[in-house]
Amino acid sequence: MPTLDVREIPPPQRHPKIHETFEEMDSGEVLEIVNDHEPKPLFYEMQAEVESFDADNYEVEREAAEKFVAKFPKQ
(Lines give C-alpha, C1' and ligand atoms only; values in the text may rest on other atoms or scores of the structure.)
Protein backbone atom coordinates (compact mmCIF):
# COMPACT_ATOMS: atom_id res chain seq x y z
CA MET A 1 0.00 0.00 0.00
CA PRO A 2 1.63 3.27 -1.08
CA THR A 3 1.65 6.01 1.56
CA LEU A 4 2.00 9.73 0.94
CA ASP A 5 2.55 12.20 3.79
CA VAL A 6 1.46 15.38 2.06
CA ARG A 7 1.91 17.62 5.09
CA GLU A 8 5.38 18.59 3.87
CA ILE A 9 4.30 19.16 0.24
CA PRO A 10 3.26 22.73 -0.68
CA PRO A 11 -0.55 22.83 -1.00
CA PRO A 12 -0.63 23.63 -4.75
CA GLN A 13 1.43 20.49 -5.42
CA ARG A 14 -0.51 18.07 -3.21
CA HIS A 15 -3.39 17.03 -5.46
CA PRO A 16 -1.23 16.60 -8.60
CA LYS A 17 1.16 14.35 -6.62
CA ILE A 18 -1.74 12.33 -5.21
CA HIS A 19 -3.34 11.88 -8.64
CA GLU A 20 0.01 10.86 -10.15
CA THR A 21 0.61 8.27 -7.43
CA PHE A 22 -2.95 6.92 -7.67
CA GLU A 23 -2.69 6.58 -11.44
CA GLU A 24 0.50 4.48 -11.11
CA MET A 25 -1.15 2.02 -8.71
CA ASP A 26 -2.58 -1.35 -9.69
CA SER A 27 -6.24 -2.27 -9.31
CA GLY A 28 -6.96 -3.44 -5.76
CA GLU A 29 -4.26 -1.29 -4.16
CA VAL A 30 -5.04 1.38 -1.57
CA LEU A 31 -3.36 4.78 -1.41
CA GLU A 32 -2.89 5.96 2.17
CA ILE A 33 -2.62 9.73 2.56
CA VAL A 34 -1.47 11.50 5.71
CA ASN A 35 -2.73 15.07 5.82
CA ASP A 36 -3.10 17.99 8.24
CA HIS A 37 -6.86 18.24 7.60
CA GLU A 38 -9.68 15.94 6.56
CA PRO A 39 -9.31 15.49 2.79
CA LYS A 40 -13.02 15.89 1.91
CA PRO A 41 -12.31 18.18 -1.09
CA LEU A 42 -9.90 15.56 -2.45
CA PHE A 43 -12.50 12.84 -1.88
CA TYR A 44 -15.09 14.77 -3.92
CA GLU A 45 -12.52 15.54 -6.62
CA MET A 46 -11.51 11.88 -6.89
CA GLN A 47 -15.14 10.74 -6.87
CA ALA A 48 -16.01 13.11 -9.73
CA GLU A 49 -12.90 12.75 -11.87
CA VAL A 50 -11.28 9.34 -11.31
CA GLU A 51 -13.34 6.42 -12.57
CA SER A 52 -11.11 3.82 -10.85
CA PHE A 53 -11.53 5.41 -7.39
CA ASP A 54 -13.59 3.14 -5.11
CA ALA A 55 -15.50 5.84 -3.19
CA ASP A 56 -17.62 3.26 -1.34
CA ASN A 57 -14.56 1.91 0.48
CA TYR A 58 -12.89 5.25 1.24
CA GLU A 59 -11.95 5.63 4.90
CA VAL A 60 -10.52 8.47 6.97
CA GLU A 61 -9.39 8.52 10.58
CA ARG A 62 -8.29 11.45 12.69
CA GLU A 63 -5.21 10.36 14.62
CA ALA A 64 -4.25 13.75 16.11
CA ALA A 65 -5.29 17.40 15.95
CA GLU A 66 -3.44 17.87 12.66
CA LYS A 67 -3.07 14.29 11.45
CA PHE A 68 -5.67 12.62 9.29
CA VAL A 69 -5.03 9.29 7.61
CA ALA A 70 -7.23 8.59 4.59
CA LYS A 71 -7.41 5.44 2.47
CA PHE A 72 -8.22 5.83 -1.21
CA PRO A 73 -8.83 2.37 -2.76
CA LYS A 74 -8.47 1.73 -6.48
CA GLN A 75 -10.93 -0.56 -8.28
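His 19 touches Leu 42, Glu 45, Met 46, Glu 49 and Val 50, leaving aside residues up to four places away in sequence. Touching, or contact, means heavy atoms within 4.5 Å. His 19 is found in helix α1. This is a predicted model: local features need pLDDT of at least 70, side-chain atom pairs count only at pLDDT 80 or more, and totals for chains, interfaces and linings use all residues. Residues are numbered from 1 along each chain as its sequence is written, and side-chain values use heavy atoms, with hydrogens and water left out.

**Helix α1**

- The side chain of His 19 makes a polar contact with the side chain of Glu 45, at 2.5 Å. A polar contact is a pair of N or O atoms within 3.5 Å; within protein, one must be able to donate a hydrogen and the other to accept it, and residues adjacent in sequence count only if both atoms are side-chain atoms.
- Helices (H or I, at least four residues) and strands (E, at least two) are DSSP runs, numbered from the N terminus.

**The sheet**

- Four strands form an open sheet in the order β1-β2-β4-β3, with mixed pairing. Two strands pair if DSSP finds at least two bridges between them.
- β1 (3–5) and β3 (59–64) stand at the edges with a single partner strand each, so one side of each has no neighbour in the sheet.
- Neighbouring strands of this sheet are turned by 15° against each other on average, direction ignored.
- Helix α1 (residues 11–24) packs on the sheet and touches β1, β2 (30–35) and β4; its direction makes about 160° with that of β2. Axes are lines fitted to C-alpha atoms, for helices over the stretch in contact, and angles run from 0 to 180 degrees between N-to-C directions.

**β3 and β4**

- β3 pairs with β4 (residues 67–73) in the antiparallel sense over five bridges.
- A hairpin of two residues joins β3 to β4.
- Val 60 has Ala 70 in β4 as its bridge partner, and Ala 64 stands opposite Lys 67 in β4.

**The core**

- The largest nonpolar core has 17 residues; Ile 18, Phe 22 and Phe 72 are among those with the most contacts inside it. Such a core is a set of buried (under 20% relative accessible area, 1.4 Å probe, protein chains only) Ala, Val, Leu, Ile, Met, Phe, Trp, Tyr and Cys residues joined through side-chain atoms within 4.5 Å.
- α2 (40–49) supplies at least two residues of this core; its contribution is the most, with three residues.

Note on methods:
Buried < 20%, exposed > 50% of the residue type's maximum accessible area, 1.4 Å probe, protein only.
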